[in-house]
Amino acid sequence: MPLVLGIETSCDETAAAVVDGDFHVISSVVESSIDQHRAFGGVVPELAGRAHVTTIGPVIRRTLKEAGLDQHYPSIDGIAVTSGPGLIGSLLVGLSAAKALALAWDVPFVAVNHLEGHLFAPLLEQPDLEWPILTLLVSGGHSLIVLQRSLGQHEVLGETIDDAAGEAYDKIARWLGLGYPGGPEIDRLAQTGTAGALKLPVSMTGSDLDLSFSGLKTAVVRATQKHTEVDLADVAASFQAAVCEQLLRKLRAAMQAHEVKGVALAGGVAANSLLRSGVTQLASEFAVVSHLPTMAMCTDNAAMIAAAGLYRLASSGPSGLDLSANPNWQLADVS
Amino acid sequence: MNLLAIETATQACCVGVRTSSGVEIARVVDENRQHTETLTVGMAALIREAGLRTREIDRIVVDRGPGLFTGLRVGIATANAFAQGVGCGMVGVTSLEMLAYGAHEAGVRGTLVSAVDGRRGDVFVQTFELAESVEAIGPPGVATPQDVAAQWSRSGVALTFTGDGVERYRRDFDSVANAGIYTQLVPSMHAALWLGEQASPQMTIEPLYLREADAVANFATRERPQ
Ligand SMILES: [Zn+2]
């Protein structure tokens, strides 16, 4: 049974994991430098890069230990590492560590697209899932609707034309004076608010499957400027409802256009309670299976990178040691 | 002892190896900030050329800065992971001391100031006294090349400047009448290997940035509304 070590450092999480050839997670460790970024209301690239250098070694050691593997010569068959998209200074730390370990252990290494990694996350919890699957991938950096015909065969059906969903949450949270990251803050506050209290537009960007959040952001800012006595919980609930309505309407349109066996959520925003219940409802309406990964698999982790790496090593072969990071690597360009 | 040395704190990427049988090879594998693309490839080639296998490396020596932040992280992340992988010890040397030892090796004596390009109009500097051995006179610091030049002009002390910071701001350093320049763009790998052999090994090495992240600096000094 092959074992792959995955390494992920594309943003503020420093992560490593060992996954076997049947997509079983043997060990998975995630550390985050988020506390250092809170005061700035967003991830500061230089601080993230510095944190990765300090954290990556201990994270890999813990991962190997928890997998019961030798620290110096573990019986690892390959190393998978995120090489994009992400923050260049952060990506380079993981990539450097992966190459150095590949050289030290004389094993192949493979560069993995971070977004493709997210698409592999549901597989780690439901190894018997059936294709094709429609995935809504929403995080602080990305918002896409992807059709997966089979393992590793994906097509981007729609994508945000401006902000990512998580980015919109962060911006609104900052505007309302809430903490960072904005997703959990707004989700929590929304529980006590009334969704219809604020009239907000649900941006539909025409008939295609693309997404857009900047108009909604502007509408929230305008509405709260006009009515200063407005209740924050109502704003949070109204904003959250508008975001989810757009995402679910687009997902529904995608499901009408493509016959699938399952619908999946991925990315950090997939932790959102309203979105999760909406996708569950949609799945039962279309009589397909819903794949809602656990929190640990929604947010950035290295098990999903190892899983995608297993597939990429087998299908495309290893990467060269001269490979560089690609901070703007599009999912559509993965082959 | 078989040593492997890595340098990525400057524009260049260098690798050096010295074996217990006395073979020493050092090479500039890139001159244009392609650290990520060239470092591990260069390490693999040099280890092979020296007739070694990776697990025969006993110690890895790495330039921990000051210098290019991204380059430093590539070098140190690589060195730390490689050492973890093969289970060897590590030694961190500074770019400024590598330059001082490099100049000493070339016969430079007396007061020497190492200057590494710090970007944003700054240089990382440290003063050394080169006699029979090399001795640091003060801690490493950050300054503008204009301030460094003015300070040494005023002092009247005869000295030598070296490092890529001197080349970058050649006009400022040339203006110091009492100073000569020893041209040395890349910190000496021979010096790194020698220093690495003398020191006692550590488990991991941390970068020496000498300057906090811009966002932190701006955040700390920005004007806050009353
Ligand atoms: Zn992600």
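Analyst: Buried means under 20% relative accessible area, exposed over 50% and partly exposed in between, with a 1.4 Å probe and protein chains only. This is a predicted model: local features need pLDDT of at least 70, side-chain atom pairs count only at pLDDT 80 or more, and totals for chains, interfaces and linings use all residues. Residues are numbered from 1 along each chain as its sequence is written, chains are lettered from A and ligands numbered from 1 in the order written, and side-chain values use heavy atoms, without hydrogens or water.

Start with helix α3 of chain A, residues 88-105. Helices are DSSP runs (H or I, at least four residues), as are strands (E, at least two), numbered from the N terminus.

α3(A) packs on helix α2 of chain B, residues 69-86, at about 30°. The two axes lie 8 Å apart. Axes are lines fitted to C-alpha atoms over the stretch in contact, with angles from 0 to 180 degrees between N-to-C directions.

On the α3(A) side, the contact includes A:Leu92, A:Val93, A:Ala97, A:Leu101 and A:Trp105. Among the α2(B) residues are B:Arg73, B:Val74, B:Ala77, B:Phe82 and B:Val86. Contact means heavy atoms within 4.5 Å. By class, this contact has 13 nonpolar, five polar and one charged residues. Ala, Val, Leu, Ile, Met, Phe, Trp, Tyr, Cys and Pro count as nonpolar, Asp, Glu, Lys and Arg as charged, and the others, Gly among them, as polar.

α3(A) also packs on helix α1 of chain B, residues 35-49. Here the angle is about 15° and the axes are 10 Å apart. α3(A) and α1(B) are therefore roughly parallel. This crossing is right-handed. A:Leu92, A:Leu95, A:Lys99, A:Ala100 and A:Leu103 meet B:Thr36, B:Glu37, B:Thr40, B:Met43 and B:Ala44. The classes are six nonpolar, two polar and two charged residues. A:Leu92, A:Ala100 and A:Leu103 take part in both contacts.

Stay in chain B for the backbone. Most residues other than glycine have a negative phi, and most peptide bonds are trans. B:Arg33 has a positive phi of about 60° and is not a glycine. B:Arg33 sits in the loop between β3 (24-30) and α1. Its relative accessibility is 45%, so B:Arg33 counts as partly exposed. B:Arg119 has a positive phi of about 65°, in the loop between β6 (110-117) and β7 (123-130) of chain B. B:Arg119 is partly exposed at 24%.

In chain A, a cis peptide bond joins A:Trp131 and A:Pro132, with omega about -5°. A:Pro132 lies in the loop between α4 and β6 (133-138). Another cis bond joins A:Tyr180 and A:Pro181, with omega about -5°. A:Pro181 lies in the loop between α5 (165-175) and α6 (182-190).

Last, the metal. A:His114 (NE2), A:His118 (NE2) and A:Asp300 (OD) coordinate the zinc ion at 2.1 Å. Donors are N, O and S atoms within 2.8 Å of the metal (3.2 Å for Na, K and Ca); water is not among the atoms, so sites may look incomplete. The donor spacing is H-x3-H-x181-D. A:His114 and A:His118 are about one helical turn apart because they lie four residues apart in α4 (residues 114-125) of chain A. A:His114 is buried at 4%, and A:His118 is buried at 0%.

Methods. Parallel < 35°, antiparallel > 145°, perpendicular 65-115°, else oblique. Left-handed = near helix turned anticlockwise from the far one by under 90°.
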